[in-house]
Amino acid sequence: MLDTHPMQDHDQPLQLPPQGRQTWLVTGASAGIGLAVCQILHAAGHDVTGFGRRQAQDLPAGFPDIAYHTADLATSQGCDLLAARAPHRLDRALLNAGLGYYRPLCRETPQAISDVLAVNLLAPMMAAHGLFGALLAGQGVLGLVGSTAYRGAAGMPVYAASKAGLDGFGRSLRSEWQGRVDVRVIHPGPTATGMATRAGLTSPLALRMMLPVDAVAAGVIAAMQGQGRLRQRISFGAILRHKITGRAA
């Protein structure tokens, strides 16, 4: 549900941590952070399978030459498709698809509440369930993309609650899968993907403070590599530290 082209910094090309060729699965791959992650991984020579809501003919210009499947992960059929089309062995699975609205609870609708919880919380649970075997075979890492809003955010309580639930799910799963599959929850700050505007955010100052999507994508990838902590946040400070040290937040 994120919809923009990643901004490119031609003076400072993005670099991945040194790794061998890896097999990745990325949801929310057709736009925003997910698209930028796929572009970076493909350019680095990794094998990537992407899933998104867009039909193949509607993918944006610059979409990388990777395996792509249209799937609505808010539905059981979409989650079944993901499990069926995923590689049999995975080094990394990044569950990144997201949906949210900037509005108070009194302006929400039952359908919108249900949709946000389905995409942001239920779908990652179902996807993790379906991908466990492939991750186990690859001794892989499962990444859950949350948001710094998980700590609470007035004006978007349903979105914040869905991300808090995802954080709790990640903590529980990391303990349950310990020694078999690593689990990490990555919480980016507000990112310039266009999602905020579509979700109803209109403050010019807030929109100017958005994190650049390409830098966030690089931070997400870095957070999935090496011996990482359970919870990692991506902020301006974390991006600067990553540029200086090459390490995740």
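**Contacts, cores and the sheet**

Trainee: Which residues does V26 touch, not counting residues up to four places away in sequence?

Mentor: V26 touches G34, V37, C38, L41, V48, T49, G50, F51 and L94 once those sequence neighbours are set aside. Contact here means heavy atoms within 4.5 Å. Keep in mind that this is a predicted model, in which local features need pLDDT of at least 70 and side-chain atom pairs count only at pLDDT 80 or more, while totals for chains, interfaces and linings use all residues. Residues are numbered from 1 along each chain as its sequence is written, and side-chain values use heavy atoms, with hydrogens and water left out.

Trainee: Which residues of the largest nonpolar core touch the most other members?

Mentor: In soluble globular proteins, nonpolar side chains tend to be buried together. The largest nonpolar core has 29 residues, and W24, V26, V37, L94 and V220 touch the most other members. At least two residues of this core come from each of β1 (23-27), α1 (32-43), β5 (141-145) and α7 (213-223). Another core lies apart from it, with 26 residues, among them A123, A127, W177 and V181. A nonpolar core is a set of buried Ala, Val, Leu, Ile, Met, Phe, Trp, Tyr and Cys residues joined through side-chain atoms within 4.5 Å. Buried means under 20% relative accessible area, exposed over 50%, and partly exposed in between (1.4 Å probe, protein chains only).

Trainee: How many helices and strands are there in the chain?

Mentor: The chain has eight helices and seven strands; both are DSSP runs numbered from the N terminus, helices being H or I of at least four residues and strands E of at least two. Of its 249 residues, 51% count as buried.

Trainee: What order do the strands of the sheet have?

Mentor: Strands of a sheet pair through backbone hydrogen bonds, either parallel or antiparallel. Here seven strands form an open sheet in the order β3-β2-β1-β4-β5-β6-β7, with parallel pairing. Two strands pair if DSSP finds at least two bridges between them. The edge strands, each pairing on one side only, are β3 and β7 (231-234). From one strand to the next, the twist averages 15°.

Trainee: Which helix packs on the sheet, touching β1, β2 and β3?

Mentor: That is helix α2 (residues 76-85), whose direction makes about 170° with that of β2 (47-52). Axes are lines fitted to C-alpha atoms, for helices over the stretch in contact, and angles run from 0 to 180 degrees between N-to-C directions. Helix α4 (residues 157-176) lies across β5, β6 and β7, at about 155° to β6.

Trainee: What are the bridge partners in β7 of H187 and P188?

Mentor: H187 has R233 as its partner, and P188 has I234. Strand β6 (residues 182-188) pairs with β7 in the parallel sense over four bridges. The faces of β7 can be read too: Q232 and I234 make up the covered face, R231 and R233 the uncovered one.

Trainee: Is T27 buried or exposed?

Mentor: T27 counts as buried because its relative accessible area is 1%. This residue belongs to strand β1, and its side chain reaches the backbone nitrogen of A97 at 3.3 Å. Leaving aside neighbours within four places in sequence, T27 is in contact with F51, L73, L82, L94, L95, N96 and A97.

Trainee: Where is H69, and which side chain does a polar contact join to it?

Mentor: H69 sits in strand β3 (residues 67-70), and a polar contact of 3.4 Å joins its side chain to that of R85. Such a contact is a pair of N or O atoms within 3.5 Å; within protein, one must be able to donate a hydrogen and the other to accept it, and residues adjacent in sequence count only if both atoms are side-chain atoms. With a relative accessible area of 18%, H69 is buried.
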